[in-house]
Amino acid sequence: MAKKRPAAKPQLKDGEIPVVGAREPCPCGSGRRYKACHGRGAAHAATELVQRPFEGLPGECDWVALRELVPAATVPLHLKGGLPEGVPSVTLATVLPMAWPALRREDGSVLLGLQNDSSSGDLARDMADTLERALATEPGNPVPARRVPAEGPRLQDLLDTDGVFEPVVHSGFEFWIPDAAGAQASSPEIAASLERANAAAIPTVKLTGVDAAYWCETPEKNHLRWVMPHPEEKLLDALARMQVAGETSLGEGTKLVGSFRAHGLMVPVWDLPTATTAADVEKPAAQFAEKLAKALATDAPLTSEERRARGGLTNRQVTLS
C-alpha cells in the first residue's frame, strides 16, 4: 500500500520568503533545500557586487575608510528635501550597539550603521533600505536586518549629493547613547556591548591636511592608511615612480609597505615607528600629496626598475571587499 505523502505547505510569495540556512527546507514550501530554491537567487545576488557602492557620494574615500578602517566615527547626513517631520537629525555611525543596522532614538533622531553585512551585494542599496525603515520606525527602537529587495533606492537617491561629508573620529563608542551612565543603569545589554566595543577599538586619528588619511596605533607599530580616489592602474604607476625616486617615505623609520583594495579604491599603507604620532605625519603627508600629483601627471612609460617596483606593490595588495 502506497505511503501517504504529507500535505504540501502553502506556497509563499517571493517577497515573503525569509532567509534560512542553505541546507534547510526552503520556506516557500517547494520541498527543496533553500540553497537549491530561493537561496540560489540570493547567492547569485551576493556575487554580483557593486565594486564602488559609494561612488557619487560626497567623501567617497571617507565612506570607504569608515566602512573598513576606522573603529569609531560619526558623520551628520543630509537628506534630499531635508529631514522629515519628527526627525531632528540623521547620523552615520561606523558601528551601533548589538550590531544593529540602524537605531531610532527616543527623540526621533536616527543613527545609521555602516559596518554591517550586505545582503544584496550593493551596500548603497542595503543602507538606503535601512535608512528608509529607520525614518518610519517608532522612536526608541532599533531597525532589524532583513533581505533587501533587488529593486529599490540607493543612498545616492536619498542623500544630498551636494552636501558635505565631515567625519568625526571618536576614541570610543559613547556616542551611541546621549547619557552613557543612564544607559548603563537601564540597559545591561547595551552597557556590555559598549564595554566590548571600547576594549577592541584601535586609537585612530584623521589627518587634517589631506583627505581620507587615518593614523592608527597598534601594539607593535603605528600605521597610516590613506584611501585614494585615483584609478588603480594609474596610482600604481605613480607610486612605483615615487618609490624608485625615494619619495614614498613619510619621515625617518617610515615605510610604504603595501596597500588594501576596498570598494573599488586603493588604500596605501605605511608602517610608522611607535613614537610617531598623527601630528608628526601631517607635514610629510602634505608633501607626499604634492609629489604624488606630479607623478600622476606623468605619462612616460615606466623604466625597468619602476616596473619591478610596481610588481612589488601589486604583490603586496590585499583585497578587503
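The structure holds one cavity of 30 Å³ or more, a cavity being a set of points on a 1 Å grid over the protein atoms alone where a 1.4 Å probe fits but cannot get out. About 70 Å³ of space lies in the largest cavity, the volume being the space filled by probe spheres set on the points, which are joined across faces, edges and corners. Among the residues that line the largest cavity are W63, H78, D160 and F165; lining residues have an atom within 4 Å of a point. The lining divides into eight nonpolar residues, two polar and one charged.

This is a predicted model, in which local features need pLDDT of at least 70, side-chain atom pairs count only at pLDDT 80 or more, and totals for chains, interfaces and linings use all residues. Residues are numbered from 1 along each chain as its sequence is written, and side-chain values use heavy atoms, with hydrogens and water left out.

Strands (E, at least two residues) are DSSP runs numbered from the N terminus, and two of them pair if DSSP finds at least two bridges between them.

| Pair | Bridges | Direction |
|---|---|---|
| β3 (residues 102–104) and β4 (residues 110–113) | three | antiparallel |
| β8 (residues 213–217) and β9 | five | antiparallel |
| β9 and β11 (residues 265–272) | four | antiparallel |

A hairpin through four residues joins β8 to β9, and E217 has N222 as its bridge partner. L224 is bridged to W270 in β11. In strand β9 (residues 222–226), five of five residues are buried, that is, under 20% relative accessible area (1.4 Å probe, protein chains only).

How values were computed. 1 Å grid on protein atoms, 1.4 Å probe; cavity = no way out; pocket = protein on both sides within 12 Å on 5 of 7 lines; lining within 4 Å. Nonpolar A, V, L, I, M, F, W, Y, C, P; charged D, E, K, R; others polar. Buried < 20%, exposed > 50% of the residue type's maximum accessible area, 1.4 Å probe, protein only.
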